[in-house]
Amino acid sequence: MTRGIVALFVLAARLAAAQETDAALLARARAILERAPLIDTHNDLPSMLIERNDGDLAGLDLGIVHPELCADIPRLREGGVGAQYWSVYTASANMKTNRSLHEALREFDVVLRLVRSRPELELARSADDIERIHRSGRIASLIGVEGGHMIEGSLAALRVFHELGARYLTLTHWDTVEWADAATDRNEHEGLTEFGESVVREMNRLGMFVDLSHVSAETMRDALRVSRAPVIFSHSNARAINPHPRNVPDDVLQLLPKNGGVVHVNFIKEFVSPADPEWQKRRTAALEDLHTRLDDQKTVDAGIANWENPHPGGTIAEVADHIDHIRKVAGIDHIGIGADFYDGGTTSMVPGLKDVSRYPYLFAELLRRGYRNDELLKIAGRNHLRAMRQMEKVAEPSLRGGSARP
Ligand SMILES: [Zn+2]
C-alpha cells in the first residue's frame, strides 16, 4: 500500500470512531430525556391551528407527521418531550381594538380541544401532574399565556385564565402594555407600574409563573423584586452571547439563584447567533438604500426579499454556548428549554434544531462538553419542576395544583 492509501485508511478509521462517539452520545442523550422528563415551555401550535383553518381539528390527524406544523405526536415522541407548554398567543396589535381577551379565549379553546382530542396528551395543572402524566407514558400538556395585553387590565381575567389551566403569563409581548415595558418597544413606565406589581402579586397568590421573556430589563428587575415565587423566562437566551434586547442581561441572571427562577433557552436563530446584530445592521442599511432608490413599498419588499445575504443562522454549538454562559453566571439550577417552535422551522430556527424531534442533538452536544447526566436532567426539566413546586408553595393553599379538586 502506498503511504497515501494508508493515510486514507487511518482517516476513515478516525472518522468512523468519531461517528460512533456521536451515535453513543445521542443514545445517552435520548436515555436521559426519557427519564427527565423533558419540559419545553413554549410552542405555538395553537396559533398555527387557528391560522390553518380557524382551529378546526376535525380532519387533522396529529398522529402522523405534519412537517408544515410546529408539532405533532410522532415528532414530539422522537424528541423525547415529556411535557409541553402550549402557547396562548395573540398579537399585541389587538390592544388597539380591545380584541385581545376575545382572541385569547379562541386560543384557550383550541388548546383545550387539542388536548382532549389526543389520547397521548393530558392537561397538567401542577408539578405532580407533570410527573404522573409522564410516568403514564403520555405527554403532559400545560398552558402559557404569551402577553399581558390579553388580560385587558383585568385581574378577574387573570384569575379565569388560571382556572382554565394557564400556569404562566408573559408580562408583555413585543409591545409595551399599560402596566409593563416590553424589551422591543418604548420605555414608558421604567419597568412595572403599580398595577403591574399587583399583577405579579396576584400571580404569586394564584400559583402562576411570572414569565419575563419579552419584557424590558427594568421590568425583569421590578418583577424579581416583587415576586415571592421563582420567575421563568419561557423562551430567552443570554444577552452576553447575543446582545438582542430579547435576551437576558448578566445582572438579571445574577438575581436568579436567590429567586429560584429558570431561563429556558430558545432555538430561534435571531436570538441565538452572535452574528445576528451585525447582519441586522447590514439588512437595515440595505433597506434604507432601497427606500432611497425606490418609491413604492412593493418593490422595496421585493428588493429586500432578493437581498442575497443569508442570515448567519446559528448552530447547535451556539445554543450550547448560551447554556454554558447561563450556567457560569446563574448556575446549573437555573437553565431550562423553551425552543419556541412557531412554524415549519426551516427558516426560523437554528439549523439542526428545526423541529420538536431534535432536542436530543442539543443534549448530545452538552454531553460532548462534559455536562454530567444529573446536570442534563436538571436542564431538561427538573429545574422547572423544582421552581414550579416552589411557586405552588407560595400560592394560596386552596388554589394549589387543581387536578384533585372537582
Ligand atoms: Zn415569543
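**Salt bridges in close-up**

**View 1. Glu202 is buried, with a relative accessibility of 9%.** In this predicted model, Glu202 pairs with Arg205 in a salt bridge whose closest N and O atoms lie 2.9 Å apart. The two residues are 3 positions apart in helix α7 (residues 194–206), so about one helical turn separates Glu202 from Arg205.

**View 2. Salt bridges with shared partners build a single network.** Its members are Asp22, Asp321, Asp324, Glu365, Arg368 and Arg369. The structure as a whole contains 33 salt bridges.

**View 3. A salt bridge connects Arg75 and Asp72.** The closest N and O atoms of Arg75 and Asp72 are separated by 2.8 Å. Arg75 counts as buried because its relative accessibility is 5%. Asp72 is likewise classed as buried, at 2% relative accessibility. Side chains that carry opposite charge can pair when their charged atoms come close.

**View 4. Asp128 and Arg389 form a salt bridge, with closest N and O atoms 2.7 Å apart.** Asp128 is partly exposed, at 49% relative accessibility. Arg389, with a relative accessible area of 30%, is also partly exposed.

Conventions: Residues are numbered from 1 along each chain as its sequence is written. This is a predicted model: local features need pLDDT of at least 70, side-chain atom pairs count only at pLDDT 80 or more; totals for chains, interfaces and linings use all residues. Side-chain values use heavy atoms; hydrogens and water are left out. A salt bridge is a side-chain nitrogen of Lys or Arg within 4 Å of a carboxyl oxygen of Asp or Glu. Buried means under 20% relative accessible area, exposed over 50%, partly exposed in between (1.4 Å probe, protein chains only). Helices (H or I, at least four residues) and strands (E, at least two) are DSSP runs, numbered from the N terminus.
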